[in-house]
Amino acid sequence: MTSDPVPHPGASPAPLPVSAAAPRLRESLASTGSFYDEIGGHETFVKLVDVFYAGVAADPVLKPMYPEEDLGPAKVRLTTFLEQYWGGPTTYSEQRGHPRLRMRHAPYKVNPDARDRWLAHMRAGVDSLDLAPLHEATLWDYLERAAHSLINTFEE
Ligand code: HEM
């Protein structure tokens, strides 16, 4: 499977006929009302991923999976991916192309233990954001479903 593991909210049809609007207006319509903006934009995603990677750096199962000693570039990839997914800038695809997350996780042993660890560090990240309950539930629901969908082995 090469598509996103979970349907992409940024890709759903705009509620207004945005394509018919003048370019200026189109720009402003496209940049308002996204989940990305609602939860605080770039700063929020940077914080989420910073807290997450602090957990990964101390995790004896996850840390060895990361190919680079410096987690900085991996942080940028995850941040830009999540920002794009939630309707923010499309930097991820400009730099990395189509996400193809299942394919990109194929080299790693993503078993239930790895998933649970990944989710535990993400939980700490989400908790650090102090989001409104509905935003928090929306974000968490996605992260859980995405993590479940990336399991690629049940080997210990
Ligand atoms: C389920 C447990 C997971 C494990 C163990 C895991 C592990 C990894 C590892 C080891 C990498 C390589 C680091 C790098 O070079 O960037 C990676 C990359 C990445 N992961 Fe995960 N991951 C998991 C779940 C997820 C989920 C749920 C998402 C999305 C919501 C995600 C999004 C990404 C992205 C965007 C990249 C960078 C892809 C690229 O452009 O190369 N991962 N992951």
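User: Which hand does the crossing of α7 and α8 have, right or left?

Analyst: Right-handed. Keep in mind that this is a predicted model. For a crossing to get that name, the near helix has to be turned clockwise from the far one by less than a right angle, and the crossing of α7 and α8 is a right-handed one.

User: Why are α7 and α8 called roughly antiparallel to each other?

Analyst: Look at the angle: the axes of α7 (residues 112-127) and α8 (residues 133-149) cross at roughly 165°. Angles over 145 degrees count as roughly antiparallel, so α7 and α8 are roughly antiparallel to each other. Their axes come within 10 Å.

User: What makes up the contact of α7 with α8?

Analyst: On the α7 side you'll find Arg115, Trp118, Leu119, Met122, Arg123 and Val126. They meet Glu136, Leu139, Trp140, Leu143, Glu144, Ala147 and His148 in α8. Sorted by class, the contact of α7 with α8 has eight nonpolar residues, one polar and four charged.

User: What makes α3 oblique to α4?

Analyst: Here the angle is about 135°, and the axes of α3 and α4 are 9 Å apart. That value also falls between the 115 and 145 degree limits, which makes α3 oblique to α4. α3 passes α4 in a right-handed crossing. Among the residues in this contact are Phe45 and Tyr53 of α3, and Leu78 and Leu82 of α4. By class, the contact of α3 with α4 holds nine nonpolar, two polar and three charged residues.

User: How do you know which residues line the largest pocket?

Analyst: A lining residue has an atom within 4 Å of a pocket point. There are 25 of them for the largest pocket, and Tyr53, Tyr66, Leu78, His105 and Trp118 lie nearest its centre. The space in this pocket is about 700 Å³.

User: Which helix gives the largest share of that lining?

Analyst: α4, with five residues. At least two residues each come from α4 (72-85), α5 (91-96), α6 (101-105), α7 and α8. The lining of the largest pocket divides into 20 nonpolar, one polar and four charged residues.

Note on methods
Residues are numbered from 1 along each chain as its sequence is written. This is a predicted model: local features need pLDDT of at least 70, side-chain atom pairs count only at pLDDT 80 or more; totals for chains, interfaces and linings use all residues. Side-chain values use heavy atoms; hydrogens and water are left out. Axes are lines fitted to C-alpha atoms, for helices over the stretch in contact, and angles run from 0 to 180 degrees between N-to-C directions. Helices (H or I, at least four residues) and strands (E, at least two) are DSSP runs, numbered from the N terminus. Angles under 35 degrees count as roughly parallel, over 145 as roughly antiparallel, 65 to 115 as roughly perpendicular and the rest as oblique. Contact means heavy atoms within 4.5 Å. Ala, Val, Leu, Ile, Met, Phe, Trp, Tyr, Cys and Pro count as nonpolar, Asp, Glu, Lys and Arg as charged, and the others, Gly among them, as polar. On a 1 Å grid over the protein atoms alone, a cavity is a set of points where a 1.4 Å probe fits but cannot get out, and a pocket is an open set with protein on both sides within 12 Å along at least five of seven lines; lining residues have an atom within 4 Å of a point. Grid points are joined across faces, edges and corners, and a volume is the space filled by probe spheres set on the points.
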